[in-house]
Amino acid sequence: MPALGNFFGGVLAEIFTVSEKILSLALHTAAGIVLSVIGLELMPQALAAEQPFIPVLAFVAGSVFFVFLDQGIGYVQSRFGGESKKGMSAAWAIYIGVAIDLFSDGIMIGTGSTVAASLGLLLAIGQVPADIPEGFATIATFKSKGVKRGTRLLLSASFAIPIFLGATVGFWGVKDSKEVVKLSLLAFVAGILLTVSIEEMLTEAHDRPESKWAAFALAGGFALFTLLAVYLEE
């Protein structure tokens, strides 16, 4: 379901002509959602560890990991892709960030399914509205970079891989691990997502003509996931 939500968002980006301002709004919305995931779901759980400094270190490690990963992407593209490909690093960084977000969703869904199948289903359904703008922003960014439609559709469909991988890890692997390992993994993912949302999504958004509604889109994305989290807990 989350993979379909992302794919549907990508299809919307294919159907409609996306202006620079609309893309900026979509990126602000997606960043707000990611920040909400970090602040309301990942870090509160991670800090529940008996030794909270371990997840905090994992959080910093996740951020550092993505910085080096982003630099690696930029180097490879500038080294082998030529000048025309240098600007693609932001698009790929956003794609990787959304994929990691989906991976973390999969872990939550898989782990929730070990408690009850209905809980896993509820978590999956709850992620869909938040995944649509992420998929839209990702594919719209690739579209603005001139990537071919066939490649964009393939990239959109590939979002099924991290969600299934995360669900598999959550169901078969993480459930039997020590608590501190599971919580540190969540914090590591949160560190990556924070860096992606601030350094890539919002930076890419601010590189374009901005709408006066940009700040509202950021807050709206945060509020959207907040409402979903609250009602799912109930």
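This report describes the fold, core, selected residues and aromatic pairs of a predicted model.

## Overall fold

The chain contains nine helices and zero strands. Its pattern along the sequence is therefore written as α-α-α-α-α-α-α-α-α. Of its 234 residues, 47% count as buried. When contacts between residues at least 6 apart in sequence are taken, 87% of them join residues at least 24 apart.

Two pairs of residues illustrate such separations along the chain. Thr195 and Val60 are 135 residues apart in sequence, with 9.9 Å between their C-alpha atoms. Ala219 and His28 are 191 residues apart along the chain, and their C-alpha atoms are separated by 8.4 Å.

## Annotated transmembrane regions

An unreviewed UniProt entry places the feature "transmembrane region" at residues 22-40, 52-69, 90-109, 115-132, 153-174, 180-201 and 213-232. In the model, residues 22-40 are 100% helix and 0% strand, and the end C-alpha atoms of that span lie 27 Å apart. Residues 52-69 are 94% helix and 0% strand, with 26 Å between the end C-alpha atoms.

## Helix H1

Helix H1 covers residues 2-15. This helix has 14 residues and reaches 20 Å from its first C-alpha to its last, close to the 20 Å expected at 1.5 Å a residue. The buried residues in H1 are Pro2, Ala3, Gly5, Asn6, Gly9, Gly10, Ala13 and Glu14.

Why can residues three or four places apart point the same way in an α-helix?

## The nonpolar core

The largest nonpolar core has 53 residues. Within this core, the residues with the most contacts are Leu42, Met43, Phe142, Leu193 and Met201. Two or more residues come from each of helix H1 (2-15), helix H2 (20-46), helix H3 (53-80), helix H4 (89-115), helix H5 (117-144), helix H8 (179-206) and helix H9 (214-233). H2 gives the most, with twelve residues.

Not counting residues up to four places away in sequence, Met201 touches Leu27, Ala30, Ala31, Val34, Ile94, Val98 and Val196.

Glu134 is found in helix H5. The residue counts as buried because its relative accessibility is 1%, below the 20% limit.

Arg152 is found in helix H6 (residues 149-157). At 7% relative accessibility, Arg152 is buried. Its side chain makes a polar contact of 2.6 Å with the side chain of Glu14, a residue that is itself buried in H1.

Thr195 lies in helix H8. With a relative accessible area of 8%, Thr195 is buried. Leaving aside neighbours within four places in sequence, Thr195 is in contact with Ser63, Phe66, Val67 and Glu200.

Ala219 lies in helix H9. Is Ala219 buried or partly exposed? Ala219 is partly exposed, because its relative accessible area of 48% falls between the 20% and 50% limits.

## Aromatic pairs

The structure holds seven aromatic pairs. In one of them, Phe171 and Trp172 are 4.8 Å apart, centre to centre, with 80° between the planes. That pair is edge-to-face because an angle over 60 degrees is classed that way. Phe171 is partly exposed at 27% relative accessibility, whereas Trp172 is exposed at 60%.

One aromatic cluster is formed by Trp92, Tyr95, Phe142 and Phe159.

Technical notes. Residues are numbered from 1 along each chain as its sequence is written. This is a predicted model: local features need pLDDT of at least 70, side-chain atom pairs count only at pLDDT 80 or more; totals for chains, interfaces and linings use all residues. Side-chain values use heavy atoms; hydrogens and water are left out. Rings of Phe, Tyr and Trp (its six-membered ring) pair if their centres lie within 6.5 Å; planes under 30 degrees apart count as stacked, over 60 as edge-to-face and the rest as tilted. Buried means under 20% relative accessible area, exposed over 50%, partly exposed in between (1.4 Å probe, protein chains only). A nonpolar core is a set of buried Ala, Val, Leu, Ile, Met, Phe, Trp, Tyr and Cys residues joined through side-chain atoms within 4.5 Å. Helices (H or I, at least four residues) and strands (E, at least two) are DSSP runs, numbered from the N terminus. Contact means heavy atoms within 4.5 Å. A polar contact is a pair of N or O atoms within 3.5 Å; within protein, one must be able to donate a hydrogen and the other to accept it, and residues adjacent in sequence count only if both atoms are side-chain atoms. UniProt positions are given in the numbering used here, feature names are shortened, and annotations may be inferred rather than shown by experiment. The expected span of a helix is 1.5 Å times one less than its number of residues.
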